[in-house]
Amino acid sequence: MKKILVILSCIISFGALAQSPASPPAVASQKVGNTQVLIKYAKPSVKGRLVFGTKEQKALVPYGEVWRTGANEATTIEFSNDVLVQGKPLAKGVYSLLSIPGPSEWTIIFNKEAKMWGAYTYKADKDALRVTAKPSEHAKTEQFTIGVSETGQVTLDWDKTSVSFYVK
């Protein structure tokens, strides 16, 4: 009887481990000209919450605060060659991709510290580049998604917000 209980317990435990994580890992990869763009991130879900808004509204991602641009570890973006982001130069390499959302403008941050958990250890003095982008409203996207087009448009979509910046 004890053996059966142990085996049953193991089966249940393995089944619980096999469930998908709340914010599954994802990769967006695209060749833009002769440059490979690789983005690694985690995909949080809306789950009925207010995603972007003010602290007073108890938004998940408050306006004006540095966000890891995804879930779990900070999102990373890698360029195989030197690029222009929104027309500004950025050296090839791996960066954490952070952002500061706002109702009418976002700051997109490329930080030299590629390995960090969330944005808790973020240091602005390690920023390699900051650019701005305009958010727009679109159809609801339940899970945060990053896409890269062949033309170099990098798009961040979550809830009813879409933000794009351009890489050449």
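The chat below goes through some side-chain contacts in a predicted model.

Visitor: What do the values rest on?
Guide: The model is predicted: local features need pLDDT of at least 70 and side-chain atom pairs pLDDT 80 or more, while totals for chains, interfaces and linings use all residues. Side-chain values use heavy atoms, without hydrogens and water, and residues are numbered from 1 along each chain as its sequence is written.

Visitor: OK, how many salt bridges?
Guide: The count is four, a salt bridge being a side-chain nitrogen of Lys or Arg within 4 Å of a carboxyl oxygen of Asp or Glu. Among them is Lys55 with Glu65, at 2.9 Å, N to O.

Visitor: Where do Lys55 and Glu65 sit?
Guide: Lys55 is in the loop between β3 (52–53) and β4 (61–62), and Glu65 is in the loop between β4 and β5 (76–79), 10 residues apart. Strands are DSSP runs of E, at least two residues, numbered from the N terminus.

Visitor: Is Lys55 buried or exposed?
Guide: Lys55 counts as exposed because its relative accessibility is 56%; the cut-offs are under 20% for buried, over 50% for exposed and partly exposed in between, with a 1.4 Å probe and protein chains only. Glu65, at 28%, is partly exposed.

Visitor: New topic: which side chains does the side chain of Ser164 make polar contacts with?
Guide: Gln153 at 2.9 Å, and Thr155, also at 2.9 Å. A polar contact is a pair of N or O atoms within 3.5 Å; within protein, one must be able to donate a hydrogen and the other to accept it, and residues adjacent in sequence count only if both atoms are side-chain atoms.

Visitor: And which strand is Ser164 in?
Guide: Ser164 is in β12 (residues 153–166).

How values were computed: Helix = DSSP H or I, 4+ residues; strand = E, 2+ residues; numbered from the N terminus.
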